[in-house]
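Trainee: I am new to this structure. Could we go through the terms used for it, one at a time?

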Amino acid sequence: MKKKNICIIGLGYVGLPLFLELKKKSFNVVGFDNDNLKISYLKKKYINVKKKVFSSSNEIKKCNVYIVCVPTPLNKFLEPDTSFIKSAIKTIISVIEKGDLIIFESTCYPGCTKEMIINEIEKKKEFKFKKDFFVSYSPERIDPANKKFKITDIPKVIGSECKKSLKLTDDIYKKIFKKTYILHKFEEAELSKLIENVFRQINIGLMNEMAMMCKKLEINIWNAIKASSTKPFGFMSFYPGPGTGGHCIPLDPNYLSWKARSKNFFSRYIDLSNKLNQEMPNYIIKRAGNLLKKKKKVFNKSKILVIGLSYKKNVSDYRESPSLKIFQKLLSKVKKIEFHDDFVKNIKIKKNNKIKIFNSINLTKKNISSFDLVIVLTDHSYINWTILSKNSKNIFDTRFVCKNNYLNVEFL
Ligand SMILES: NC(=O)c1ccc[n+]([C@@H]2O[C@H](COP(=O)([O-])OP(=O)(O)OC[C@H]3O[C@@H](n4cnc5c(N)ncnc54)[C@H](O)[C@@H]3O)[C@@H](O)[C@H]2O)c1
């Protein structure tokens with residue numbers, strides 16, 4: 001391949017960091033996104049990056065490598081919504097030339113790269129895979145806000161049944177990632193990403209069930225997990241919480257169970273842990289209600305402050321966030337509800353067919369003490385848990401961050 005001109009399709013949580021890493025290594029790279037507002041925002045934010053590098057139009061024709069990082073959500077039947085992949089492939093088909101390489105990064109079901117990318121291009125362009133165009137699947141494994149493992153520290157899995165595709169992809173990725181790991185089957189690479197997410201989903205589900213069990217047994221699960229984690233082998237810590245969120249854990253395992261169902265195989269582990277995690281918001285609300293009752297407060301006359309709306313600490317992403325689900329559910333159940341989250345300054349919520357904007361309130365002593373109950377849902381590192389513990393009337397802490405020695409604190 002002559003000089004590589006790379007185009008990243010989809011500049012979100014996955015595509016943008018990859019774009020910036022490629023830029024750092026002086027690759028010729030264009031970022032393409034069909035969201036014009038995002039393109040204008042990126043152009044302003046990365047003012048030093050050369051003009052026309054972010055594009056929402058078809059200025060991508062001169063590219064010969066297309067890296068696809070579009071969303072892979074679920075539809076209303078909780079099945080894969082592949083419409084974003086379809087539209088990205090349509091864009092590629094309109095510009096692809098013989099010899100070009102496509103690297104598919106979005107999380108998808110085993111068989112997706114072949115079905116949705118290779119077959120489509122062969123059908124619509126009459127190009128032959130391995131001869132006229134090249135494809136590999138390389139799942140993104142980024143963990144936003146993880147300071148210990150940055151994108152380049154995480155080994156990059158690359159899968160393809162075509163040697164030349166593997167070589168072309170590896171030539172790019174070994175310049176960015178500390179390690180690359182080659183697989184010779186698309187499906188193995190696709191499954192490797194799903195195994196990682198299913199593993200997390202199941203272990204979080206297990207800890208959520210344990211937390212509910214421990215409430216009955218009157219045992220502090222957090223202290224027990226801390227002790228278990230001192231074992232230097234055969235154990236990895238996972239924690240309970242208000243549920244799972246973000247674009248991965250609550251969604252991706254469904255891609256695998258959906259595919260398995262097409263072969264009449266029903267995954268019990270995936271479905272059970274998914275159910276357990278999805279039930280957590282209701283469980284948290286029930287526990288909050290019981291706590292207030294214990295304190296002789298009537299639930300629907302109570303004032304509640306929620307700490308954290310994003311799905312995990314130190315990020316602003318609230319897609320699928322259980323914290324947000326809890327906030328929304330509480331809206332119609334209590335007298336007053338507010339939230340605090342410096343990462344999510346405001347939120348629009350539809351209520352009785354009207355959009356209402358809620359703004360994050362400041363964590364002043366006066367504010368904190370004016371609520372009957374504070375529910376800690378997202379444990380952002382910047383929050384002073386001692387001040388919160390000292391000044392709240394009652395706290396329900398689902399993350400075990402408040403001070404243990406305060407009597408007003410109840411843990412999940
Ligand atoms: N968010 C994570 O932490 C994470 C981690 C690993 C893998 N993934 C996977 O990576 C993929 C992308 O996730 P994300 O979180 O970056 O999503 P995102 O929603 O943050 O970003 C996707 C971007 O793609 C754009 N887009 C959609 N369709 C397009 C099209 N046809 N042409 C051009 N642009 C288009 C959207 O406007 C958006 O900016 C998903 O498959 C996800 O499962 C996500």
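**Ligand shell and sheet**

Mentor: Around the ligand there are 30 residues, and G10, G12, Y13, V14 and S106 come nearest. Near means that the C-beta atom, placed from the backbone, lies within 6 Å of the molecule or strand. This is a predicted model: local features need pLDDT of at least 70, side-chain atom pairs count only at pLDDT 80 or more, and totals for chains, interfaces and linings use all residues. Residues are numbered from 1 along each chain as its sequence is written.

Trainee: Why is the ligand said to lie between domain 1 and domain 2?

Mentor: Domain 1 (5-189) and domain 2 (216-411) both give residues to the shell, so the ligand lies between them. The domain bounds come from an automatic or database domain assignment.

Trainee: Which helix gives the most to the shell around the ligand?

Mentor: Helix α3 (residues 83-95), with 4 residues. Helices (H or I, at least four residues) and strands (E, at least two) are DSSP runs, numbered from the N terminus.

Trainee: What makes β10 and β15 edge strands?

Mentor: The open sheet has 5 strands in the order β10-β9-β13-β14-β15, with parallel pairing. β10 (336-340) and β15 (409-411) each pair on one side only. Two strands pair if DSSP finds at least two bridges between them.

Trainee: How do you know that β9 and β13 pair?

Mentor: Strand β9 (residues 303-307) and strand β13 (residues 373-376) are joined in the parallel sense over 4 bridges, and the definition asks for at least two. Within this pair, V306 stands opposite I375 in β13.
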